[in-house]
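Please look at the sequence and the 3D view before reading on.

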Amino acid sequence: PKSLGTMNFIVAGLDYRNEWEPENTDVLMVARVDLLANTVRAFSIPRDLWVTIPGFGEDKITSAYQFGSDSAGRDFKAGVASLAATIEANFGIAIDASVMTTFGGFEQVVDAFGGVHVDNPYDLYDGQYPTADYGMKEIWYPAGPQLLSGEQALEFCRTRHQDGDDGRTMRQRMVLRALLDEARALDSETLQALV
């Protein structure tokens, strides 16, 4: 409802593979939703940014969720609270809610849409893309229009060997925007079924 006005959300992708391994936020954005103006604005936070994590000291922001989660026995809410406190302490932005997924969850969302259409601005190659089993593989996405499956969209959003974190965050925003555009083009009945 518009009575809520403006809300700030954490949008994050967790690198969660097994219970005994770290849960880093490999993708981290803050989105400001203005229900009165019908706008959404977002910015990406580089995963390797060195910050103060309240209650835990200094480390990369990718670890803030993990510190909170681990301190409460791998509790999701504690992880989110730690990440929100870190964003507020370092950027002065109060967080109202969060939207998080794992790599597998991201793939499922994209696949639920039947893939995602993007216009890749340049050839993208990574000869050492990290696989889920801690191996490596080669990936290549040519410049131009692409229809990416969930697995391909994850690769497209995660790779950073060619162009660093700036290229990676640009592709993440590109894919999220394309998903939003595809969701907005659906009729309400189809969208409800998709959700």
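The model is predicted, not determined by experiment.

**The sheet**

Four strands form an open sheet, ordered β3-β2-β1-β6, and their pairing is mixed. β3 and β6 are the edge strands; each has a single partner strand, so one side of each has no neighbour in the sheet. On average, neighbouring strands of this sheet are turned by 20° against each other, with direction ignored.

As a general point, strands of a sheet pair through backbone hydrogen bonds, in a parallel or an antiparallel way. Here β2 and β3 are antiparallel and are joined over six bridges. Within that pairing, R41 in β3 is the bridge partner of R32. β1 and β6 run parallel and also pair over six bridges, and G13 stands opposite T101 of β6.

Most residues other than glycine have a negative phi. Where does N38 lie? N38 is in the loop between β2 and β3. These two strands form a hairpin with four residues between them. The phi of N38 is positive, near 55°, although the residue is not a glycine. N38 is exposed, with a relative accessible area of 62%.

R74 is not a glycine either, and its phi is positive at about 65°. R74 belongs to the loop between α1 (64–71) and α2 (76–91). With a relative accessible area of 29%, R74 is partly exposed.

Is α4 enclosed by the rest of the structure or open? Seven of its nine residues are buried, so α4 is largely enclosed by the rest of the structure. The buried residues of α4 are G150, A153, L154, E155, F156, C157 and R158.

Helix α5 contains T169. The relative accessible area of T169 is 11%, so T169 counts as buried, the cut-off being under 20%. The side chain of T169 reaches the backbone oxygen of D166 at 3.1 Å.

**The pockets**

Rolling a probe the size of a water molecule over the atoms shows where empty space is left.

| Pocket | Volume | Lining residues | Residues nearest the centre |
|---|---|---|---|
| Largest | about 1,300 Å³ | 35 residues | V11, V99, L176, L179 and L180 |

The elements that give two or more residues to the lining of the largest pocket are β1 (6–15), β2 (24–34), β3 (39–44), β6 (97–102), α3 (103–112), α4 (150–158), α5 (164–184) and α6 (188–194). Which element supplies the largest share of this lining? It is α5, with eight residues. By class, the lining of the largest pocket holds 25 nonpolar, six polar and four charged residues.

For the second largest pocket, β2 and β8 (124–130) are the elements that give two or more residues to the lining. The largest share, three residues, comes from β8. This lining divides into three nonpolar, four polar and eight charged residues.

Methods: Residues numbered from 1 in each chain as written. Predicted model: local features only at pLDDT ≥ 70, side-chain atom pairs only at ≥ 80, totals over all residues. Heavy atoms only, no water. 1 Å grid on protein atoms, 1.4 Å probe; cavity = no way out; pocket = protein on both sides within 12 Å on 5 of 7 lines; lining within 4 Å. Points joined across faces, edges and corners; volume = space filled by probe spheres on them. Nonpolar A, V, L, I, M, F, W, Y, C, P; charged D, E, K, R; others polar. Buried < 20%, exposed > 50% of the residue type's maximum accessible area, 1.4 Å probe, protein only. Pairing = 2+ DSSP bridges. Polar contact = N/O pair within 3.5 Å; in protein donor to acceptor, adjacent residues only side chain to side chain. Axes fitted to C-alpha atoms, helices over the stretch in contact; angles between N-to-C directions.
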